[in-house]
Amino acid sequence: MGICWSSSSPPHNPTSTPTNSTLSADTRAGTSSQSQRTSSSYTYTSSSTSTSTSTSTSTTTSRSYASSGNNSSSINNTNDSTKFSTTSSSSSGGQILENDNLRIFTFGELKAATRNFKADTVLGEGGFGKVYKGWLDTSSHSNSSRNNGASGSGSGSVIAVKKLNSESLQGIEEWQSEVTFLGRLSHPNLVKLLGYCLEETELLLVYEFMQKGSLENHLFGRGSAVQPLAWDIRLKIAIGAARGLAFLHTSDEKVIYRDFKASNILLDASYNAKISDFGLAKLGPSASQSHVTTRVMGTYGYAAPEYVATGHLYVKSDVYGFGVVLVELLTAQRALDPNRPSAQLSLTDWVKPYLSDRRKLKSIMDSRLEGKYPSKAAFRIAQLALKCLAPEHKQRPSMNEVLESLERIQAANEEPKLRSNRTVATRHVHHRSPLHPIRDK
Ligand SMILES: Nc1ncnc2c1ncn2[C@@H]1O[C@H](COP(=O)(O)OP(=O)(O)OP(=O)(O)O)[C@@H](O)[C@H]1O
Ligand SMILES: [Mg+2]
């Protein structure tokens, strides 16, 4: 999008390969999968009156961008926009809990769980810090782990531990927001926050472990370990993520997620999608009013144009991000990729004309699908993505409408398969049914 690289935006640095640029007010690094990481870090701050650039030497690639209006005060996540009312509600298999069921971990426990945060337990890294795979020995905390969902079968369970990087200035606010939101939101398509640790300068978050990692790794990761996702799996992931987002938007509290992107969609062993990272989430405004945020935060390429331009945040701003992810699922191209020719820098700007033409669409589909997808369904998804990407937030569908469309596309996809299975089953009954045993003559 033009907005990403406008005159007040950071200059493109050809020596780095930022793949997941984050709009934020500080060094909260929008980083990509480990495989895409380089060793430079750039942080940009831009306001209506000034632009400043600083370079540091962290081991991760990051590009952060903060656009603030005249009022440059930072978002205080302890304000009303992150406070739930005390009522609980239930919607589509999810609920807002009266109280969180979070367990408070000691730093020592998490140190032991991750073998002293050993390098070989690192699952990935984002703006908050590194994420480690850990093992919780349930026998040692059987009393304190009740209700937290951490107890696996047998004597332990696998967890993911996110540890605040001391350089992350945004950490405390995001940490607080994560605990406030995820601690009380419960839905099969939201990643489960099991607990946290707060000891002196150590801030950590403990999640259920998601075996298949992030959608970002699957779509853009390279190497033999990364298997391309089959069409049915892509559809399943889109539906799961849509369910999670629809739950947030329709819950009594109307949560605006604000950072919908492939790296925040995590996958369990069966490719069930769960949304993670509520560091930027806000409680939604009433009716069609928007939040006016003093700082625009999110990730370039995914953030809705009205939000980037004005700071006005709507529930439908999330729908735009969902549309971008739909296009990523079709094309396996990143929302923003400076390694592409400049005309193709922004995925949505580049592919929009292709989404409305069935034949053109074929030319931008992920080649790793090897043509194994129903072209009608792909076209319907492309059209749905276009609706989500409408420049006017009011023109975009609600997440419930998006979910329904995706489910219809999936059902239409399944029908021919079911029919052919039924034929097989019928044949099976005719020839092998024990109700009609073939008597030995
Ligand atoms: N619960 C989890 N289970 C398994 N892997 C996880 C889990 N949480 C995070 N990860 C891994 O860690 C990586 C980094 O996650 P993290 O949320 O910190 O950063 P990010 O989403 O890439 O960027 P950002 O800071 O902008 O959200 C993810 O891409 C994923 O591979
Ligand atoms: Mg994340």
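**Sheet, core and ligand shell of a predicted model**

Leucine 102 counts as partly exposed because 18 C-beta neighbours lie inside 10 Å; a residue is called buried if 20 or more other C-beta atoms lie within 10 Å of its own, exposed if 12 or fewer, and partly exposed in between, with C-beta atoms placed from the backbone. The structure is a predicted model, in which local features need pLDDT of at least 70 and side-chain atom pairs count only at pLDDT 80 or more, while totals for chains, interfaces and linings use all residues. Residues are numbered from 1 along each chain as its sequence is written, and chains are lettered from A and ligands numbered from 1 in the order in which they are written.

Leucine 102 is found in the loop between strand 6 (94-96) and strand 7. Leucine 102 and valine 206 are 104 residues apart in sequence, and their C-alpha atoms are 9.4 Å apart in space. In the protein as a whole, 10 helices and 21 strands are present; helices (H or I, at least four residues) and strands (E, at least two) are DSSP runs, numbered from the N terminus. Of the 441 residues, 46% count as buried. Among contacts between residues at least 6 apart in sequence, 69% join residues at least 24 apart, where two residues are in contact if their C-beta atoms, placed from the backbone, lie within 7 Å.

An open sheet is formed by six strands in the order 7-12-13-10-9-8, and its pairing is mixed. Strand 7 (103-104) and strand 8 (122-125) stand at the edges with a single partner strand each, so one side of each has no neighbour in the sheet. Two strands are taken to pair if DSSP finds at least two bridges between them. Strands of a sheet pair through backbone hydrogen bonds, either parallel or antiparallel.

Strand 8 and strand 9 (residues 129-137) form a hairpin with three residues between them, and they pair in the antiparallel sense over three bridges. In this pairing, glycine 124 has valine 131 of strand 9 as its bridge partner, and glutamate 125 has lysine 130. Strand 9 is also joined to strand 10 by nine bridges, again in the antiparallel sense; here the bridge partner of aspartate 137 is glycine 156 in strand 10. Strand 10 in turn runs antiparallel to strand 13 (residues 202-208), with five bridges between them, and isoleucine 159 stands opposite glutamate 208 of strand 13. Seven of the nine residues of strand 10 are buried, so this strand is largely enclosed by the rest of the structure.

The shell around ligand 1 draws on part of this sheet. It comprises 26 residues, of which Gly124, Gly126, Gly127, Ala160 and Ser263 come nearest; a residue is near a molecule if its C-beta atom, placed from the backbone, lies within 6 Å of it. Strand 8, strand 10 (156-164) and helix 3 (215-220) are the elements that give two or more residues to the shell, and strand 8 gives the most, with three residues. The shell divides into nine nonpolar, 13 polar and four charged residues, with Ala, Val, Leu, Ile, Met, Phe, Trp, Tyr, Cys and Pro counted as nonpolar, Asp, Glu, Lys and Arg as charged, and the others, Gly among them, as polar.

The largest nonpolar core has 91 residues, and Val206, Ala242, Leu245, Phe322 and Leu326 touch the most other members. Such a core is a set of buried Ala, Val, Leu, Ile, Met, Phe, Trp, Tyr and Cys residues joined through C-beta atoms within 7 Å. Helix 6 gives the most to this core, with 10 residues. Beyond its neighbours within four places in sequence, alanine 242 is in contact with Phe322, Met399, Val402, Leu403 and Leu406.

Helix 6 is mostly covered, since 17 of its 17 residues are buried. The 17 residues of helix 6 (residues 315-331) should span 24 Å at 1.5 Å a residue, which agrees with the 26 Å between its end C-alpha atoms; the expected span is 1.5 Å times one less than the number of residues. Just after helix 6, alanine 332 takes a positive phi of about 55°.

Positive phi values also occur in two arginines. Arginine 115, a residue other than glycine, has phi near 50° and is found in the loop between helix 1 (107-113) and strand 8. Arginine 115 is partly exposed, with 14 other C-beta atoms within 10 Å. Arginine 258 has a positive phi of about 75° although it is not a glycine, and it lies in the loop between strand 14 (255-256) and strand 15 (265-267). Arginine 258 is buried, with 27 other C-beta atoms within 10 Å.
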